[in-house]
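These are my notebook entries on one structure. I set down what I looked up, entry by entry.

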Amino acid sequence: MSAPDRFERIEATRIVAVPGALDEIEAPFGGHLLRLAPDDLLVLQPQARVDVADRYAIVESEAGFSAAWFDRSELPRLQALSAWEFPRRGPAFAQGHLGGIPVKALFYESGVLVLVPAVLAHHLEERLGVGDRPE
Amino acid sequence: MAGVRLPIRTHPLQAFVTNHYTRSFRPIVASADMGFYVSQTPRGEMLLGSGIDSQPSYSYRSSYEFLSHCSLPAVTLLPFLRNLTILRQWAGVCDMSVDMSPIMGYTGVDGFLVTTGWGTWGFKGIPAGGEQMAELIAGDRTPELIAPFSLNRFQEDRLMFDPGSTATTH
Amino acid sequence: MVLRLACPHCGPRPVEEWMYGEVPDPPDYLTEADERDVDRGFMMSNTEGAKQERWFHAGGCRRWQTIERDTTL
Ligand SMILES: Cc1cc2nc3c(=O)[nH]c(=O)nc-3n(C[C@H](O)[C@H](O)[C@H](O)COP(=O)(O)OP(=O)(O)OC[C@H]3O[C@@H](n4cnc5c(N)ncnc54)[C@H](O)[C@@H]3O)c2cc1C
Ligand SMILES: [Zn+2]
């Protein structure tokens with residue numbers, strides 16, 4: 001079982017626009033789309049170039065999240081720390097509390113990428129026991 | 001119904017006790033910052049509680065979330081609690097007023113008086129409140145001590161945040 | 001037993017992720033402007049039973065959602 005990495009700050013792109021315009025956006029090569037809210041989209045790619053069909057869209061680079069990868073074998077332990085059900089099969093995006101801390105999570109067959117507001121990352125590390133386990 | 005509108009919302013409040021702790025633990029420990037309190041009952045059980053459930057509700061359901069929410073600060077501050085087991089958990093409902101202070105006296109409806117809004121720390125103030133209410137009912141005039149707590153304080157824009165009656169920390 | 005509120009965007013989530021927002025609902029029989037203002041500012045129906053509520057999903061999509069809930073359950 002490989003121990004999870006520490007959380008590291010990521011660079012992404014945030015797009016706030018009317019829902020219809022966000023519906024049409026396709027993931028740029030190598031970037032994933034996280035629909036945080038109907039009018040709020042996070043592209044997991046720094047300075048992503050995407051066309052948004054909304055002249056009032058706000059496209060900003062987003063450095064407010066930290067992320068860490070957890071292997072599939074870690075899923076039961078993580079699930080025990082949240083009061084909502086993880087998606088059964090990936091790829092799937094979900095958001096909610098993990099150990100009492102708000103996270104965004106991308107589930108794959110092989111594991112899960114957990115995003116957390118950067119200011120809360122060390123709290124989440126503590127609660128998930130990241131970094132303090134024997135090598 | 002009397003048709004009286006009140007600045008009151010009903011929220012559950014939970015508490016739980018552990019099994020017998022063999023040593024005696026004298027103080028009541030409460031932390032406003034960490035949001036929990038603990039004391040020992042005469043039977044030696046440790047009694048723990050925290051703030052109200054955030055949802056307005058008349059339900060007496062107990063939740064696991066409350067247990068974990070309350071236990072984390074408790075075992076952080078008093079590590080010996082780790083070794084005890086939880087025996088019972090329960091919930092009651094509390095009438096929370098907008099300004100975290102009780103409301104006593106006339107309502108504008110003839111013959112209908114209230115004493116409510118005692119919140120989560122009502123026990124110690126209520127005996128005095130009850131006595132004063134009895135005096136009001138028997139004497140037909142509002143005793144000085146409870147006059148500021150009248151329902152019309154909201155019309156008059158006199159909110160209270162009275163720490164003496166409900167020990168509010170807000 | 002955990003109370004879950006169903007977020008239209010995120011799915012059913014425990015109440016700990018949410019913040020409750022009181023919606024003023026002065027009754028029709030209050031007709032004077034001042035009376036209605038006091039009611040909007042302070043008074044609450046404190047409904048026992050099913051009602052529509054406004055909740056902010058702080059732990060998820062961070063949007064206000066309208067959710068029907070029974071306060072006796
Ligand atoms: C778990 C828990 C722990 C608490 N711990 C503390 C503490 O440590 N210290 C402290 O000071 N306070 C504490 N409190 C708060 C305290 O219990 C309340 O502030 C106090 O009980 C309020 O008293 P009350 O008379 O205003 O209302 P209540 O005690 O709620 O009494 C209201 C009464 O009205 C009755 N009633 C309701 N509707 C009707 C109706 N339509 N017709 C007739 N009767 C009706 C109810 O059955 C009830 O008997 C705690 C409360 C709970 C739930
Ligand atoms: Zn949501």
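**Ligand 1**

I sorted the shell around ligand 1 by class and found seven nonpolar, four polar and one charged residues. In this scheme Ala, Val, Leu, Ile, Met, Phe, Trp, Tyr, Cys and Pro are nonpolar, Asp, Glu, Lys and Arg are charged, and the others, Gly among them, are polar. I note that the model is predicted: local features need pLDDT of at least 70, side-chain atom pairs count only at pLDDT 80 or more, and totals for chains, interfaces and linings use all residues. Residues are numbered from 1 along each chain as its sequence is written, chains are lettered from A and ligands numbered from 1 in the order in which they are written, and side-chain values use heavy atoms, with hydrogens and water left out.

I listed the residues around ligand 1; among them are Leu13(B), Trp90(B), Trp118(B), Thr120(B), Phe123(B) and Lys124(B). A residue belongs here if one of its heavy atoms lies within 4 Å of the ligand. Strands E1 (8-20) and E5 (86-97) of chain B each supply at least two residues of this shell; strands (E, at least two residues) and helices (H or I, at least four) are DSSP runs, numbered from the N terminus. Domain 1 (8-92) and domain 2 (103-166) of chain B each give at least three, with bounds from an automatic or database domain assignment.

I then checked polar contacts, taken here as pairs of N or O atoms within 3.5 Å. An oxygen atom of ligand 1 is 2.9 Å from a backbone N or O atom of Phe123(B), and an oxygen atom of the ligand is 3.0 Å from such an atom of Gly122(B). A polar backbone atom of Thr120(B) lies 3.2 Å from a nitrogen atom of ligand 1. Of the 1000 Å² of accessible area that ligand 1 has on its own, the protein covers 46% (Shrake-Rupley method, 1.4 Å probe).

**Zinc ion**

I found the zinc ion (ligand 2) coordinated by Cys7(C) (SG), Cys10(C) (SG), His57(C) (ND1) and Cys61(C) (SG), at 2.0 to 2.5 Å; donors are N, O and S atoms within 2.8 Å of the metal (3.2 Å for Na, K and Ca). The arrangement is tetrahedral because the four donor atoms subtend angles of 104 to 119°, where all angles must lie between 85 and 135 degrees. The donor residues follow the spacing C-x2-C-x46-H-x3-C.

**Backbone**

I recorded a cis peptide bond between Gly90(A) and Pro91(A), with omega about -5°. Met100(B), not a glycine, has a positive phi of about 55°.

Technical notes: A polar contact is a pair of N or O atoms within 3.5 Å; within protein, one must be able to donate a hydrogen and the other to accept it, and residues adjacent in sequence count only if both atoms are side-chain atoms. Four donors count as tetrahedral if all angles lie between 85 and 135 degrees; four count as square planar and six as octahedral if opposite donors are over 155 degrees apart and all others between 65 and 115; anything else is irregular.
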